[in-house]
Amino acid sequence: MSHDASHGHELPFWRKYIFSVDHKVIGIQYAVTGLLFLFFGFCLMMLMRWQLAYPGQPLPFIGNLFSETAMIGGIMLPEFYNQLGAMHGTIMVFLGVVPLAVGGFGNFVLPLQIGAPDMAFPKLNMVSYWLYFTGGVLMFASFFVPGGAAQSGWTSYAPLSVIASSGQTWWLVGMAFLINSSLLGSINFIVTTVQLRAPGLSFSRLPFFVWSQFVTSFLLLLAFPPLMAAAVLQLMDRLAHTSFFMPSGLVVNGQVLEGFAGGGNAVLWQHLFWFLAHPEVYVLILPAMGIISEIIACNTRKPLYGYKALVWSVVFLGFMSFIVWAHHMYLTGMGPNLSAFFQVTTMIISIPSIVILTTLILSLWGGSIRFTTPMLFALAFLPMFGIGGLTGLPLGLNAADIHLHDTYYVIGHFHYVVAPGTIFALFAGIYHWFPKATGRQMNNFLGKLHFWPSFVLMNFIFMPMLIQGLAGVSRRLYDPMQYAHAQPTQPLNVFISISAWCLGLAQIPFIVNFFWSIFKGKKTDQNPWQATTLEWTAPSPPPHGNFVKEPVVYRGPYEYSVPGQKNDFWPQAMKENN
Amino acid sequence: MNNNYYGWGLPVDISTTGWRVDELIIVIHWVMAVLFVGWFSFLIYSLFRFRSRPGHKAEYHTKHFKTPTVLEVLVAITEVVLLTAFSFPIWHQYTQGLPPAEKALHVKVVAEQFAWNIHYPGPDRVFGKADPKLMSSTNPLGLDPSDPMGTDDVSTINQLHIPVGVPVIAELSSKDVIHSFFLPVMRVKQDAIPGQKISLWFEATKSGEFEIACAQLCGLGHYRMRGFFVVDEKDKFNAWMAEAAHT
């Protein structure tokens, strides 16, 4: 009933663009908020890179703008460095990448791709965005509370996090909002995918992007509740002085820690955290795989190679991601049996990842490859995700992990997966679906000016980190020069930092392109890429309710270059190809 | 501190067990390199061969590749080998292969923000009692002065001295938060977790002055939680121990 009432043009501005229930508006809200947080998280990192390259030297130009609790005379304090580190991780994962990949692309594209007029629960969808927004505001505000933001790493290991300053409480409450936002969103995606598919759109005809979002939703739905429980327990430890994660007999700063009964277990937090956070890694990567599959099929002008293998791999990957979490905890005193179990599951999970990567590369064979901007980002994803996945192998074998654990090797590894991996896929998706969202195309030259420097610089940043990791340089060091074993690779820190700042500059073409194209971009019709999936049969931008008439689906998602057909693409909703 | 031990690759290894870790790291990087070069060359070749150009059309039916299946089986076999021939036995040696207690030097390592307390049992080879309630700035280990077993104990801060060629059994614990005890030149890394006592062992093959690092974020001073790790010939070590016992 509310849905009918929201049809038409008489909606006031705040109902149409702010408290909207339209999945496309919510998707764009998520995407824009997510992009802003990605940029903010990137800025935090660029500040950290100054301290790492030039430890103890005053930050030029902007150093004096920070308060005395962050920098003194432009020289960063270790507490501020630790805040930047913890919040960079938190913001990039929970406020940047996931909201953009799932909230943004999932919301905007998924209902269109399955031919639905909207999500199954539009109001829940709106609540989900505003919970995310509130969580983001709390996280941002925590920089300004006494003692600053959370500073115990994005992993918030107890007991350090329990005895930390009040920023940690804000972090936990912020996380509670983000978790509930994701839970509502994941239920919505699952119900929408199951219930609202257009006539003829069987599961075997779903675009791979929808499959990836569908599996991702199950991961969010099943992995986040344990973290919610863990966050509440840590909050109780902090505020009510319970001892879930606090063992007996703690002596902090030379004083017996009063007020805690003790008897808790510090490692319990790690189990609860990683039970979420490992599936979360797949929440970061699966939507990215979905995005680039769409773009590769469209820009090779041929069906994906091994669609079924892709689907089974992604389902298997989702399942396995729940039984590998303790490979983050090999060094917590794990015996041979338990570690053997987690090593075996970790090696098993590498197999479907290799299947997916190989299948996507083989999809190029026999194609007619168009090197459009989205395709360049999608193609770069393949080798970058390859490096990210391969560098996971030594970390997954706990004998090799003895040396590499908690070093820059880990940082290099997961950033290869998430930065030139997932974030490149997200850029690919923005360039690909921008015409659908706005009716205008982004500029191709600026797109390439964005791509090439970003591609080179990403490698300049993360490849040296693998070298530093092999040398044994620990992560989360405010001043690496303190250690003799970290000094020889210090020139690499300078190189990485300069590359990171240049990467910041390399995003200017994207920002300019994004805003310029909204107003001045070349106008397009409903299907500028000549693609087959359902979203391209809706007008650009699609009106409220999406489709002019309900689409009927006749075939699979990637019918490109079908022999005997006049056009090289045969849309899912088109009966005859003419 | 001598910087010849460290560079852009793995640090020098002076332990009896570290070579096995290094061997695994090197073998696995070769596997990774082969896979990556294979993928990448195929990718570049395909991009060139199937680039869009006038007169070139995409194929709807592409051939079925057998290579991926072969590749996946090979990767699976390689992973089984890496697990059973390398990782399982190495981990077993590290965690279960403790040398006989009477032959080893015993030491307790108690981590705190931001220092390593090292506790030797002294000539009687028995540790004196310790109690957290007795901990203070002058007695960081909380040693009980009334315990006769503790009178010959030796404790240091940030100074771990061990002799060459004698296996060391270290019992690791923490007073406050989680730390991680890292000896880069020994390929030893183990979390120190409050409320838990975790034993590990290592044996040095060469003398020299090295360092202990903290590998787990433990607070503001994490970056400077550095200790000295000194490996001496037996005589020199005994002399150091005798002197430390008197001061």
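The model is predicted, so local features need pLDDT of at least 70 and side-chain atom pairs count only at pLDDT 80 or more, while totals for chains, interfaces and linings use all residues. Residues are numbered from 1 along each chain as its sequence is written, chains are lettered from A in the order in which they are written, and side-chain values use heavy atoms, with hydrogens and water left out.

Rings of Phe, Tyr and Trp (its six-membered ring) pair if their centres lie within 6.5 Å, and planes under 30 degrees apart count as stacked, over 60 as edge-to-face and the rest as tilted. By this rule there are 67 aromatic pairs over all chains. In one of them, A:Trp154 and A:Phe273 are edge-to-face, because their planes stand at 70° with the ring centres 5.3 Å apart. This pair joins distant parts of the chain, 119 residues apart, with A:Trp154 in the loop between α5 (122–141) and α6 (167–195) of chain A and A:Phe273 in helix α8 (residues 266–300) of chain A; helices here are DSSP runs (H or I, at least four residues), numbered from the N terminus. Both A:Trp154 and A:Phe273 are buried, where buried means under 20% relative accessible area, exposed over 50% and partly exposed in between (1.4 Å probe, protein chains only).

The rings of A:Phe514 and A:Phe515 also form an edge-to-face pair, with centres 5.5 Å apart and planes at 80°. A:Phe514 is buried at a relative accessible area of 15%, whereas A:Phe515 is partly exposed at 48%. Ring pairs link these two into a cluster whose members include A:Phe377, A:Tyr431 and A:Trp452.

| Charged residue | Ring | Distance from ring centre |
|---|---|---|
| B:Arg51 | B:Phe48 | 4.5 Å |
| B:Lys189 | B:Phe182 | 4.1 Å |

Notes: Helices (H or I, at least four residues) and strands (E, at least two) are DSSP runs, numbered from the N terminus. A charge sits over a ring if NZ of Lys or CZ of Arg is within 6 Å of the ring centre and within 35 degrees of the ring normal.
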